[in-house]
Amino acid sequence: MTAIGGARDTLLQATAQRFSTTADGKAILMSASTPVFRVNSAGAGAPGSIAITAKPVNVVGDIVFSVSAGTTLRVNGNVATVDFATMTTDTALVQARIREFGVDYLANYMVSKVFDGVAGETGLAGLNTGQAFAYKRAAVAPADSPGDVIYTFATAAITTPAGNDLANGWSKNIPAGTAPLYVRVAAASSRNATDSIAANEWAGAVQLAKDGAAGANGVDGLNVAPVRIYQRGASNIAPALPSAACTFTFATGALTGLNNGWSTQVPTAGGAYLFTSGATAASRTATDDIAPGEWAAAARLAADGATGQRGTVTVTAPGYSAWSDASAVYELGHAGYGAPINRDVVTLYDATHAVTKFYVDGGWESLDTVLNGNLLVPGTVATQALAADSVTAEKIDARGLSIKDTAGNIILSAGTPLTSNYMNAGIGAGNLISNSGPYPGTAGGFGVEYSFAPGLTAVIDSPEFYRPTGAGGVYMRCPGTVPVDAVAIMTPRQDGAFRKFPVISGVRYEFSIYMTTHRCKGAANIAFYDAAGTYITEMGGNAVDNVSTTGPLSVWPRSVVFAVAPAGAAYASVRGVLVGKGAVDAYLFTSSWYFGVALAAQTVPSAWADGPGARFGDNLYGQITPTNSPTYIANAAILNAQIGGDIYSSNWNGSTTGWHLDRNGNFYANSGTFRGELLGASGTFSGRLTATTVIAGRGQNENNTTFIDFNATGSMPFIYAGSGAVRITADGEGTFARRILSPPNLVKHGVERISPGVVGWINDEYRQFTVYIDTGHRFESPWHTVPSDTFLANATISDGQSWRGGCNGYSEASIVVGDGLNNGASLLPLDNQIYIRFTWTPVSGSGYINPTEITWKLVKI
């Protein structure tokens, strides 16, 4: 809807209210956007014209406008316009008059010109001011002067003479030395760019500083070190902590005075359960006494596993003239080995007879050849069955291969994929991070991606004492006070940029870091980015909260996060995050980073193993993805392929996730696109079937209570649903058990600016107003023959001003149509044009309002 501007809109907006009243008050209200023309020094006026609207109140009749001499009016209905170009006087009085029953009702509106003053003369240039300083060291206050100089305001410095030296040993900058330092100051003031300062303008010399007496020695620094102790026990109940004070020596790391069975090294005997406790030694001296109450609660670190299976044995027993499985089992037990295990060898013999067999998978097999060593076969080994602890070969033809567990269940074969219940954790895809230790000297492979204090935060190689035994590490330090929840992020770098690993949207990944924290919290964090490098989202792992530890990797806490790459993700950034706790000097020590593909239901992180490459991130692409595959495999490099077993996606879980093509020709997947024909004897669809054309005779549900009969004719049901609740026949008749509802169609909507003047509670009565809104929509010529060609309108006051608390009432919007007869002349309102008649009737409140805007819509039902 356009703003009010045409003659038609002006007439509609200025139409008198259609209401009657019993009040005696009658008047004409006149209003305009401004009562003045602003005239600049060149004689141009603004605005170019002023439109004055006259609103009759309780008066019916034609409005007659007049204006004082020297000005011309343009009148259009209830609006009179004064143009600046035709107003020759400084003021003009516009009068509106209505005569009703012989009585004249008048209203006046004054329009004036306001002139800008004459431009004044250009003022003087501003005054530049500044201060010049000269410095000199001397035993007593010097009486000489730095001499004549020139001061430049743009640089706020003395520019003549050049250089640092001034007259009589004075200088522009503070000189080195130990004698007292004196300063002389001179004021510079000029309307020019420089000011000449004479030698006599310098103020007297003033002592600025001198060396003080030597201060007292500072306090020794604080030595801090984590201390860890160990003890074994026969049960899983934690032992009592040390009850005596212990002394820790920072230079050697030695701890003396331990009691209650604790030691600083992991004991090899004493029980199946290993416990640990820790404390922090902190002192300004070479040693620190650790009181009994400073030790953390004892926690179980590890436990001995169950006794493993014995090794294979060879038993020889005399006195047997024939082989017996039961005798072989007996002789093994008689020799102290218990029940037989795979590859046990038993020989039963007498003076004339000897039989040797070996045990495998519940039975005894004849033993023809025994090699107690290595066998090299340059050709092919063909066998019906192979039983071995391990097989190493460059090529293995796996057709028909089955891998079974000890119970005989198939773990992996050509028709049975490997499932997660046969894995401890991890998918076996490996660590995508190379040199993920990271090893000493590789701190340059990391950088500070973000820090609350970027100028102070640093990433450094971890000292040996602060990394796991035999492993590498880097740490991030934030000196000074680290506010609570302040964040610093360390990220691997490569070739001068922060490292990002390619990922596949929808694939689940795991990321973990072994870490210890000092005066802070730490966590692993993974962030995802789209192909353009735009950040999408991030996810964090469990927090390691102020935990200090040393020793093997097994005692280090591990922050782990599992995350599914979101839609649109193309890359991932792996980060270590330090979170402040309000303490001073925080450290985050990290080691053994791991990032790889995870199983769908995996909750335990994979065992850490390093990825390929020599530096953190040398494996530039991490894994082969659709994006980077041309780096590894040229287009069309594989002409033909013969695969002996099944092929399937890495996330295939055996039924619902991923895809699988078995060697028998069966294909399992979520969805597919076929450019040709899809042929089959039969099929079942559990979801939606979408097609441009489906040729069928009938479609129905399982119980035949709902169907579509494409071959129906005449009065036969074409659509039948809900056991007859909906029934449509082929010849167009239909029955419905419920109503059919259809929402109206939105035809037009908009916001209309209005100016009805002040309405509401005025002169001890409620004053309403009515306006007409041109929707810009016309009835079609055959409207009277079109079903449901009916319009409705809604409108409401959406802007304006209120006084004295305002006023509330009812808004009524109805449809009216331009109508009439004419001989071709352009008359308003337009024939067949749809208008909204909006009437607001006040009913409560003692104030009044000035509505300026109506929001409306036109719908067709």
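Reader: In which sense do β54 and strand β55 pair, and over how many bridges?

Author: They pair in the antiparallel sense, over 10 bridges. Two strands pair if DSSP finds at least two bridges between them. Strands are DSSP runs (E, at least two residues), numbered from the N terminus. One example is Ser-814, whose bridge partner in β55 is Arg-837. A word on the basis: this is a predicted model, where local features need pLDDT of at least 70, side-chain atom pairs count only at pLDDT 80 or more, and totals for chains, interfaces and linings use all residues. Residues are numbered from 1 along each chain as its sequence is written, and side-chain values use heavy atoms, with hydrogens and water left out.

Reader: What makes β52 and β54 edge strands?

Author: The sheet is open, with 3 strands in the order β52-β55-β54. β52 (769-778) and β54 (808-817) each have a single partner strand, so one side of each is left without a neighbour in the sheet.

Reader: Why is Val-859 called buried?

Author: Buried means under 20% relative accessible area, exposed over 50%, and partly exposed in between (1.4 Å probe, protein chains only). Val-859 has 10%, so Val-859 is buried. Val-859 is found in strand β56 (residues 848-860).

Reader: What does Val-859 touch?

Author: Contact means heavy atoms within 4.5 Å. Not counting residues up to four places away in sequence, Val-859 touches several residues, including Pro-744, Leu-746 and Phe-791. Ala-793 is 66 residues away in sequence, yet 6.3 Å away in space, C-alpha to C-alpha.

Reader: Why is the pair Phe-248 and Phe-250 called edge-to-face?

Author: Rings of Phe, Tyr and Trp (its six-membered ring) pair if their centres lie within 6.5 Å; planes under 30 degrees apart count as stacked, over 60 as edge-to-face and the rest as tilted. Here the centres are 5.4 Å apart and the planes stand at 85 degrees, so the pair is edge-to-face. Phe-248 is also buried, at 4% relative accessible area.

Reader: Which residues have the most contacts inside the largest nonpolar core?

Author: Phe-511, Leu-578 and Phe-595 do, in a core of 34 residues. A nonpolar core is a set of buried Ala, Val, Leu, Ile, Met, Phe, Trp, Tyr and Cys residues joined through side-chain atoms within 4.5 Å. The largest share of this core, 5 residues, comes from β40. Phe-511 and Phe-595 also belong to one aromatic cluster, with Phe-446, Phe-501, Tyr-509 and Trp-593.

Definitions and conventions
Helix = DSSP H or I, 4+ residues; strand = E, 2+ residues; numbered from the N terminus.
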